[in-house]
Amino acid sequence: MDLIIEGVKQALYLLFTLDREVIGITLLSLQISGTATLISLFIGITAGTLVALTRFPGRQLVVSLINTGMGLPPVVVGLFVTIFLWRNGPFGFLEILYTPAAIILAQAVIATPIVTGITLAAIQHLPANLRLQILALGATRAQMIWILVKEARLPLLAAVMAGFGGVISEVGASIMVGGNIKGYSRVLTTATVMETGRGNFDIAIALSVILMLLAFCINAILTQIQQRERPR
Amino acid sequence: MSATIQPEILLKLEDLLVRRGGVTVLDISRLEVFQGQVLSLIGPNGAGKSTLMLTLAGLLKPSRGAIFFQGERIADGGFAYRRHIAMVFQEPLLFDATVFENVATGLKIRGMSRGDIVRAVPGYLERFGIGHLAKRSARKLSGGEAQRTSLARAFVTKPEIVFLDEPFSALDPPTREALTNDLERILRETHTTAIASTHDQTEALRLADRIAVVIGGKIAQIGPVAEVMNRPADEFVASFVGVETVLPGRVVRVSAGAFAAAVAGGREVEAVGQVEPGDAVLCCVRPEQVTLSPNPTPPGSSARNVFAGTIRQITPLGLFQRIRVDCGFELVAYVTRQSLEELGLTEGKPVSASFKATAVHVIRRKEPLPL
């Protein structure tokens, strides 16, 4: 019990004294996970909308793959991203393994199926004739897709929350492709794992409190937007 | 002698075939929609009315056939054509925005400036009686208000042709009545060409210049309202346009343009028409043409057809009472509630039912039906 109380005290101390290392790790975590979420939103919303609006052979299989991808284990992603970026791997020439860019790539791979799956479900849940109604108003296909995405904006906020929540809290892929290099590719989750391994529970608790606060604040803001717009 | 002016053809369909899942859903050789007129599509559920509507609106690609708008063939996708039309569905299909923004959608899609939109929308909100709801969220509207918004959104783009796919069928009768009134007025004021599908004959009669009866993916009959309602082409059309008594018969006597046909129960129906003795016919009588009387022989009637019968069933039907009379064959009549009470009509009571020979619409059949 003392360990936990000491950990919380340490966390508050680190936070209020704006410890340079902790602030650096927090900002890097936000930067990496934020960028990965943005990439996943761009790819996921586009792919989810296209799959929702088109019929093609094998569509059912694609939908099943997307749904499976929503539960993709981060260590598996980490393993394959590492192999692909390995010196002799297909993308080894990029030389980004053990860099923040590699973590962004791995986190984007984790978040994209989550965003795609939620977008697909959200667009499919819109009234069947809405698409025809928009076209009958004289819309081009691009205008129709834009209006549909706007109509599905509330579930899409859930996609942002799920995508960001999924990547800010994952550790397996980040540690595998980022290497947890101090001051370079160390993020909140990898630092927590490392400090726990060293037996520095107070710092580990402090980092996990910051991680939870971060996730809570971002989700609270998005929830606020979502609830304000929710149809009554 | 004045020549009849034929209205200009605005929309034309030729040799249309729509197949889905290997099944023919629509097969129509020709259909024309005239400028400034309202064409009502009526028919039972699943007849293909909505599919025809979507195809004509350029929203569904047919398996075969061509659609011409103002004489020009509509290209695949029909984007340019869709800028000339508007459509209102059974569900209002409003966007998650205010009433004003919903009505403005079509104008925004067309790239109209905000200033022009702000000038254009209020007039249409007022026209459809929703001016006071401009700032309200579309999610907070009643069914009638939502459908008014949907109509305003369609008309604000000044479409040359508007498609109305059973827009009022989900509304309660008073709201439907009020909306039909407004729509009728606005269609007349704006001279907008419209195609309206409905299964409500009253609605069709109120709005339409012409009626097309769609049955089994084909147009069973098309023509001016009075022609379709009073002279149905066959028994399917007759049963659908409200001719509730369709009697199979065989012509037994012919004299001076009139004839008598033997029908069920050993009775004879007198009618007017060019037939030969022995011809198989269907005698169609609309319920509003049938007069009921508690007297066995109603005094002062010129009706050639008078039958004694017994009231089998009285069913309230909106403004009317539907009365089923057994005269040896079944005859259906409509009376008002007031007449029902004044004549003391009750189930099981003997009555005489009469209708004029001229009230009988005759359909000749190649194959006789059993009497």
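Chain B splits into domain 1 (9-239) and domain 2 (243-365), with bounds from an automatic or database domain assignment. This is a predicted model: local features need pLDDT of at least 70, side-chain atom pairs count only at pLDDT 80 or more, and totals for chains, interfaces and linings use all residues. Residues are numbered from 1 along each chain as its sequence is written, and side-chain values use heavy atoms, without hydrogens and water.

- The C-alpha centres of domain 1 and domain 2 of chain B lie 37 Å apart.
- Nine residues from domain 1 of chain B and eight residues from domain 2 of chain B make the contact (heavy atoms within 4.5 Å).

**Sheet**
- E7 (161-165) and E8 (193-198) of chain B run parallel, joined by five bridges.
- Phe163(B) stands opposite Ile195(B) in E8(B).

**Cores**
- The largest nonpolar core has 56 residues (buried Ala, Val, Leu, Ile, Met, Phe, Trp, Tyr and Cys joined through side-chain atoms within 4.5 Å; buried means under 20% relative accessible area, 1.4 Å probe, protein chains only).
- Leu11(B), Leu52(B), Met87(B), Ile161(B), Phe163(B) and Ile195(B) touch the most other members.
- Another core, of 36 residues, lies apart from it and includes Ala86(B) and Leu133(B).

Definitions and conventions. Chains are lettered from A and ligands numbered from 1 in the order in which they are written. Two strands pair if DSSP finds at least two bridges between them. Helices (H or I, at least four residues) and strands (E, at least two) are DSSP runs, numbered from the N terminus. Buried means under 20% relative accessible area, exposed over 50%, partly exposed in between (1.4 Å probe, protein chains only).
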